[in-house]
Amino acid sequence: MKDIDWTHLTFSYTPTDYIVRSHYANGSWSKPYATADPTVPLHAAATALQYAQQAFEGLKAYRTMDGKVSIFRPEMNAQRMQQSAEAMYMAPVPKEMFIEACELAVRMNIDYLPPYETGATLYIRPILFGTTPKVGVSPAHEFEFCVVVTPIGPYFPAGFGTTPFIINRHVDRAAPLGTGQWKVGGNYASSFRATEPAHEQGMGVLFLDSEEHKYLDECGGANIFLVKQNTYVTPASQSILPSIINDSLMTLCGDLGIQVERRKIAVEELGEFDEAASCGTGAAISPISRIIDPDSGIIYEYGERAGKVCEQLYKAIRDIQYARVPDIHNWRHYVDL
């Protein structure tokens, strides 16, 4: 194991020893292999650079309480990347190959997997992009699939502490019939104009629907949910990336006797909720202390500490990820070392 201060890692890139690569040409994928070279030769006219023909995923590997290594629900990430690939006219990565490549990346960089109970994890970043040189606007016929891993700390500096968010009506994350439901880089690049100024002030951003700017959409890098009494409410929108963590939390709500609603949520409803949080692979759950609406001047307060439901769900999902409880939903994918 590497000599790293695991408890003080941030959500940033730390170089590791290997990446995993596979190339698609002539209708088939090559077998994934590990390489110590972290660079990928790419033609300057490749469709990934010219026309943003690209998709990516994010998932984590955990060192569990029983000393094993587990990846959380990788088949769901494989499925989501296939959906992104089809939307962007790229060759989908077969589920078995996706998981094989993730396992190989973890095994080859096992010394970077943080110890149990340090709060750190090994982040896995699969990337798919077009490599065919093009000048005309058309999709590639050759593609590269890579898996990069890096040890990370919490996505938000406060960890499970609360973070303030601000509503932004002046930047749209994705068009109503655009690419919001797929995990493609352009969605994130287009959000920088809103997220970076907010991050400089220690806040997250809450995007609204880009058609009417009346309903909650997502937080750019994560979904959002709110709690009213014993009901978990999360937005319904065709522009929201389907979060694997959000899906998992809704399943856990059923286990805990918490009601679930997926529907449009108007900004004016924010004052009716007891708790609010963003959720995604990076942070799992990040409770929201308040949501600021600068256009109306209203501040919706949820408290400086995580609420009861957020705490219940956070404990429940972490217990599964770290193998502290039986895996009744078969979410842990163990890696043979």
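Contact between two residues is taken to mean heavy atoms within 4.5 Å. The structure described here is a predicted model, in which local features need pLDDT of at least 70 and side-chain atom pairs count only at pLDDT 80 or more, while totals for chains, interfaces and linings use all residues. Residues are numbered from 1 along each chain as its sequence is written, and side-chain values use heavy atoms, with hydrogens and water left out.

Asparagine 230 is considered at the outset. This residue lies in the loop between β11 (223-228) and β12 (231-235); helices (H or I, at least four residues) and strands (E, at least two) are DSSP runs, numbered from the N terminus. When residues up to four places away in sequence are not counted, asparagine 230 touches Gly257, Ile258 and Gln259. A polar atom of the asparagine 230 side chain lies 2.8 Å from the backbone oxygen of glycine 257, which falls under the definition of a polar contact (a pair of N or O atoms within 3.5 Å; within protein, one must be able to donate a hydrogen and the other to accept it, and residues adjacent in sequence count only if both atoms are side-chain atoms). Asparagine 230 and valine 309 are 79 residues apart along the chain, and their C-alpha atoms are separated by 7.7 Å. With a relative accessibility of 36%, asparagine 230 counts as partly exposed; buried means under 20% relative accessible area, exposed over 50%, and partly exposed in between (1.4 Å probe, protein chains only).

At the start of α6, a side-chain oxygen of serine 243 comes to within 3.2 Å of the backbone nitrogen of isoleucine 245. The buried residues of α6 include Ile244, Ile245, Asn246 and Ser248, and Leu249, Met250, Leu252 and Cys253 are buried as well. In general, an α-helix has 3.6 residues a turn, so residues three or four places apart point the same way.

Asparagine 77 is found in helix α2 (residues 74-87) and is buried, with a relative accessible area of 2%. Leaving aside residues up to four places away in sequence, asparagine 77 touches Glu57, Gly58, Leu59, Phe72, Phe98 and Ile244.

Charged pairs were examined next. Side chains of opposite charge can pair when their charged atoms come close. The structure holds 15 salt bridges, each being a side-chain nitrogen of Lys or Arg within 4 Å of a carboxyl oxygen of Asp or Glu. One of them joins aspartate 319 to arginine 324 at 2.8 Å, N to O; aspartate 319 is buried at 9% relative accessibility, whereas arginine 324 is partly exposed at 32%. In another, the closest N and O atoms of glutamate 261 and arginine 263 are 2.9 Å apart. Glutamate 261 is partly exposed, with a relative accessible area of 35%, and arginine 263 counts as partly exposed at 25%. Glutamate 212 and lysine 214 meet in a salt bridge of 3.7 Å, N to O, with relative accessibilities of 39% for glutamate 212 and 45% for lysine 214. Arg169, Asp293 and Asp295 are linked in a network of salt bridges.

Positive phi values also occur in residues other than glycine. Asparagine 26, in the loop between β1 (19-25) and β2 (28-29), has a positive phi of about 55 degrees and is exposed, with a relative accessible area of 81%. Glutamate 117 has a phi near 65 degrees and is placed in the loop between α3 (95-108) and β7 (121-130). Glutamate 117 is exposed, with a relative accessible area of 61%.
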